[in-house]
Amino acid sequence: MTQPNCRTATPEEIELMLDWAADEGWNPGLADAQAFQAADPEGFFVAEVDGKTVAAISVVNHSPQMAFLGLYLCLPEYRGRGIGYALWTQALTHAGARTVGLDGVPAQEANYAKSGFVLAGRTRRFEGTLDRCDTAASLAGAADLDAITRSDRAANGYVRPAFLAEWTTQSDSRKTVLLRGPQGITGFATARLCRDGCKIGPIVAATVDEALTLARQAASALECTDVIIDTPDVPGGLGQNLQGMGFEESFATARMYRGPAPSPGPTLQAIATMELG
């Protein structure tokens, strides 16, 4: 086996990882590198062979209990040499005793199972067109972060404050909108421009109708109509409704965990990103 040099990635290499992800069809957001690095600056790793970066992975620690694995990539000409697995093994030590989640292609489920990962569900990607929303959106601000974090925890079953702080910050390529009720914030959604189109996620809402309202508002805030939404595969969920609206499924992943799986709530209508959960 080729013995790679496995180490923490530099900020420039995180950009490179996203370029590789784009080449594999994952279509990352235009400003994802900054948000990903804010989540856990030490959670991105690369493998070098003869001074060349040839493989990458992320194991981002969201909290003392939870980590998420993504961006597991190896250049085609270096596959089959044990390089990726060596990097995988070293990177997972970064999580310590935390539960580790991942969204992996179904064809790799058996390999992930060998490392202790257990299938918990599936995520389905839908692409289609949303009508513009003429209702003015309530844009999130810094003062809303605590409420967003609480809503996200109830939806996902774990906390990820550093990630959300950057993910929900408004910019020219990223907008987060809120649903407000008498008791405060009842839902939120983030839309971000990607290398191809616009992705919306997470979407946290009590009902599918509210989720669709948030999705339209978030997309309209970026002046987009063609969107991509990654939904948990649950009966009667947002994904089924998107299909009924003419959206097409373009991708699917297996949601797996090593360690006790978190318990997502019924308000999780769409995930944020397949790379970080």
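Two strands are taken to pair if DSSP finds at least two bridges between them, and in this predicted model strand S4 (residues 66-74) and S5 are joined by four bridges and run parallel. Strand S5 (residues 99-104) is largely enclosed by the rest of the structure, because six of its six residues are buried. The points below take up this strand and then the aromatic rings.

**Strand S5 and its surroundings**

- Both faces of S5 are covered, with Thr99, Gly101 and Asp103 buried on one side and Val100, Leu102 and Gly104 buried on the other.
- Where S5 pairs with S4 in parallel, Leu69 stands opposite Leu102 of S5.

**Aromatic rings**

- The count of aromatic pairs comes to six, and one of the pairs is formed by Phe36 and Trp167, which are stacked at 6.4 Å centre to centre with 15 degrees between the planes.
- Because Phe36 lies in helix H2 (residues 32-39) and Trp167 in helix H6 (residues 161-167), this pair ties together parts that are 131 residues apart in sequence.
- Phe36 counts as buried at 0% relative accessibility, and Trp167 is buried with a relative accessible area of 0%.
- Arg174 lies over the face of Trp167, at 4.2 Å from the ring centre.
- Tyr72, Trp88, Tyr112 and Phe117 are linked into a cluster by ring pairs.

Technical notes. Residues are numbered from 1 along each chain as its sequence is written. This is a predicted model: local features need pLDDT of at least 70, side-chain atom pairs count only at pLDDT 80 or more; totals for chains, interfaces and linings use all residues. Side-chain values use heavy atoms; hydrogens and water are left out. Buried means under 20% relative accessible area, exposed over 50%, partly exposed in between (1.4 Å probe, protein chains only). Helices (H or I, at least four residues) and strands (E, at least two) are DSSP runs, numbered from the N terminus. Rings of Phe, Tyr and Trp (its six-membered ring) pair if their centres lie within 6.5 Å; planes under 30 degrees apart count as stacked, over 60 as edge-to-face and the rest as tilted. A charge sits over a ring if NZ of Lys or CZ of Arg is within 6 Å of the ring centre and within 35 degrees of the ring normal.
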